[in-house]
Amino acid sequence: MTSAKYNIPAPELAMDVKALRESFVQHVQHTQGKHPSAATRLDHFMSAARTARDRMFDRWTRTWHRRELQQPKVVYYLSLEYLLGRLLEDGLINLGIYDDMREALSGLGIDFDQVADQEHDAGLGNGGLGRLAACFLDSMATLGIAGMGYGLRYDYGIFRQDIVGGQQTEAPDPWLQYGNPWEIARPERVYKVRFGGRVIQYTGSAGRITHEWIDTHDVLAMAYDVPVPGYRNQVVNTLRLWSAKATRDFDISYFNRGDYIRAVEEKLSTENISRVLYPNDQQPAGKELRLKQEYFLVSATLQDVISRHLRYYPDLYNLHEQAIFQMNDTHPALAVAELMRLLVDVHGMPWDPAWALTRRCLAYTNHTILPEALERWPVWLMERVLPRHLQLIHEINHNFLSEVRRRFPADDERVRRLSLIEEGPERQVRMANLAVVGASYVNGVSALHSHLLKERLFRDFYELEPQKFLNQTNGVTPRRWLLKCNPGLANLISSRIGTGWITDLDQLERLVPFASDPDFQAAFNKVKYDNKERLARLLKQRYGIELDPTHVIDSHVKRFHEYKRQLLNILHVVALYLSYRQKPPHDPLPRTFVFSGKAAPGYDMAKRIIHLINSVAQVVNADAHVRQFLRVVFVPNYGVTLAEHIIPASDVSEQISTAGMEASGTGNMKFALNGALTIGTLDGANIEICEAVGEENMFLFGLTADQVIQARESGYDPRQVYYAEPLLRSALDAVASGMFSPEEPGRFRPIVDSLLYGGDTYMVLADFLSYLHCHRSIEQAYQDRAGWTRRAILNVAHMGRFSSDRTILGYARDIWGVYVPPTAAKEGLHVVPAPASTRVTSG
């Protein structure tokens with residue numbers, strides 16, 4: 001029996017410089033096992049991280065204990081991606097001891113920046129989806145919301161990108177190679193996740209039809225917890241990552257016969273489930289592994305939450321009062337079927353109350369209208385891997401379509417569109433449809449995206465249940481994306497308006513009177529130049545890339561996809577280069593075009609575009625006639641830490657996706673928050689940024705989403721544009737003829753052919769001339785440095801609505817129904833748990 005004395009936690013560790021220094025030295029000696037004179041920089045990083053972590057743990061355990069007593073409704077955020085970035089500096093800032101730690105290490109003769117640079121980015125995500133999840137966790141902790149992230153602890157994160165001969169090559173990202181000082185293994189949190197097998201049906205003793213899933217292949221899910229500290233508020237939430245473990249380490253019978261490989265084969269195969277982020281699903285084996293990853297996440301998570309709930313309540317009928325599961329895109333959509341399985345098969349709940357409870361516990365965020373992101377799983381694969389879930393999906397679909405037929409009689413086409421099963425040569429389960437049917441709310445992530453969901457993608461669902469559709473525009477955390485990544489600008493802002501903006505970004509509006517102030521403008525421009533110099537040092541040191549800080553830095557950094565139109569950007573660069581060679585400009589604007597981002601390993605066209613960009617860079621940067629005012633840079637292996645250097649140094653932010661195809665974007669917000677002016681289309685959150693900062697403080701071009709549809713429907717022919725626009729024609733001809741690939745003249749012709757003869761799906765040629773003219777407007781605008789700086793400051797000042805804090809408060813109010821502490825909630829956003837009378841009944 002635990003003594004009362006033991007239940008009293010240890011005193012909190014001191015946070016002053018002396019205490020931090022002593023803790024650091026203790027960890028060098030007693031955790032790393034090194035004499036201080038023998039310690040490496042990696043030892044120093046591990047010791048600094050554990051010094052910070054110890055202090056997080058004080059708040060973490062108290063946060064846990066407080067919530068155990070209060071039993072608030074908890075948000076469980078399900079995401080296959082979390083692009084966390086480095087955690088040391090972020091954690092120190094949120095604890096309020098960043099400067100103290102720097103001083104503590106300086107007193108020992110240790111360079112803090114060199115220590116921090118030892119940390120490996122945790123590459124548990126691919127792009128915006130994972131980074132958004134990380135921002136949301138930060139905001140939930142800062143707002144004091146009881147929230148918990150759930151994901152997978154991939155052994156290898158998003159691949160490391162190298163550029164060899166101008167081409168992307170992929171290498172494993174062993175981010176756990178030297179251990180992860182932030183995580184805590186929880187071996188007591190282990191759950192069995194089942195695959196394969198078969199389902200038997202029989203009538204139980206109570207006369208009820210029972211389904212039993214038998215002969216399964218079982219995998220163990222073990223929890224690893226990462227603390228998520230709020231900003232200076234004593235709250236530390238949790239990110240729980242699941243790692244796959246075999247039910248047995250090896251087969252002793254094979255081992256004894258000398259077949260050592262076969263002895264461990266099952267263990268290795270089983271643990272592949274959490275081995276790598278996003279296996280290549282072009283092949284059947286990769287597709288099956290991806291499906292298993294998604295189910296592994298939702299099954300372990302739901303079992304964990306149900307287990308926790310049953311420690312305090314006699315049954316699950318009030319689960320919706322204590323838990324809300326937010327599905328981050330379609331990847332966790334199997335939560336609908338798995339929660340039904342657990343409620344009906346495992347806990348004996350009748351179907352109707354189980355379905356009512358499931359729908360009240362789940363919410364779904366859609367992040368895209370791109371077909372490839374709306375997952376579909378072949379019925380045969382689902383039947384083999386998850387046979388019981390396929391049965392449940394069929395039952396859900398039968399009941400749902402019965403209601404559709406009742407509401408819309410004799411509308412078979414509508415029934416076909418709404419069905420969870422897509423008929424065809426290969427029948428498939430539509431995961432987005434499953435998520436919509438099983439969720440209490442469905443939200444888009446920008447005003448335009450949410451509108452398109454209701455008008456196009458989910459129109460039939462919207463007509464059926466309009467009340468469940470709403471918008472929650474994405475946001476970014478100002479702690480990482482201004483306070484941490486741009487300390488010069490953060491300090492300048494705080495010197496004028498105080499530090500309240502760090503947790504209330506609307507306070508940036510108080511910068512508006514300073515936008516035309518010459519002294520503030522001078523200080524603002526100095527910060528920008530210093531950031532350019534910092535980026536130049538990093539690129540030179542890490543990649544051998546030369547960057548001139550006197551140039552305008554025009555950045556296009558994001559995942560490579562044709563709809564994001566990096567191709568449009570580089571074609572404009574080619575046109576500029578050709579015009580500069582033909583007639584050097586009299587007073588050119590010196591510009592460096594910075595590209596960075598990864599293409600999916602199986603995405604051939606995106607990888608060709610990366611190759612083209614590097615080939616153009618090689619030619620342009622070697623041309624003595626133009627390189628002093630035009631350069632092209634491709635920075636390999638884009639990630640959070642690299643973004644934290646590029647974004648604050650940028651003057652121009654390229655947000656040029658085909659209108660109607662970007663759900664929201666958050667890079668656009670990060671750049672504007674750091675004083676870059678946007679050149680962009682009216683797509684995603686660009687529209688709302690334009691509303692916030694004013695059209696005069698952006699550079700807009702191109703077709704609108706409606707005009708894109710009209711152009712396609714009216715028979716848009718890209719070849720007509722090609723013949724009508726001499727600048728465009730010369731750029732395309734240069735690419736196709738081998739000007740940038742003389743050793744292989746036809747190397748890039750497939751890119752040009754895809755535009756001229758492949759229909760130009762993403763309207764690159766249609767928007768080219770508008771884009772070109774918009775860049776000329778940028779050249780003219782930058783000549784007026786005071787006017788440019790004023791615009792940049794106003795962009796910063798008007799970015800308050802794009803804080804992820806505001807987004808999370810919107811979710812709390814409109815979707816989750818969770819308690820927000822009064823000190824964190826803004827007026828009109830204070831919400832409380834659902835009343836007890838909403839308990840689902842068993843009858």
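**Exercise 1. State how many cavities of 30 Å³ or more a search of the whole structure finds, and characterise the largest cavity.**

Solution. The search of the whole structure finds 4 cavities of 30 Å³ or more. On a 1 Å grid over the protein atoms alone, a cavity is a set of points where a 1.4 Å probe fits but cannot get out, and lining residues have an atom within 4 Å of a point. Grid points are joined across faces, edges and corners, and a volume is the space filled by probe spheres set on the points.

This is a predicted model, in which local features need pLDDT of at least 70 and side-chain atom pairs count only at pLDDT 80 or more, while totals for chains, interfaces and linings use all residues. Residues are numbered from 1 along each chain as its sequence is written, and side-chain values use heavy atoms, with hydrogens and water left out.

Step 1: the largest cavity holds about 220 Å³ of space. Its lining comprises 18 residues, of which Leu84, Leu87, Asp90, Val228 and Pro229 are the closest to the centre.

Step 2: at least two lining residues come from each of H3, helix H6 (128-143) and strand E10 (217-229). Helices (H or I, at least four residues) and strands (E, at least two) are DSSP runs, numbered from the N terminus.

Step 3: the lining divides into 11 nonpolar, 3 polar and 4 charged residues. Here Ala, Val, Leu, Ile, Met, Phe, Trp, Tyr, Cys and Pro count as nonpolar, Asp, Glu, Lys and Arg as charged, and the others, Gly among them, as polar.

**Exercise 2. Describe the side-chain directions and the pairing of strand E2.**

Step 1: Glycine 85 stands opposite alanine 122 in E3.

**Exercise 3. Identify which helix gives the most to the lining of the second largest pocket.**

Solution. Step 1: the second largest pocket contains about 1200 Å³ of space; a pocket is an open set with protein on both sides within 12 Å along at least five of seven lines. Among its 39 lining residues, Glu89, Tyr98, Asp113, Pro487 and Arg534 are the closest to the centre.

Step 1: H21 gives the most, with 8 residues. By class, the lining has 13 nonpolar, 12 polar and 14 charged residues.

Definitions and conventions. Buried means under 20% relative accessible area, exposed over 50%, partly exposed in between (1.4 Å probe, protein chains only). Two strands pair if DSSP finds at least two bridges between them.
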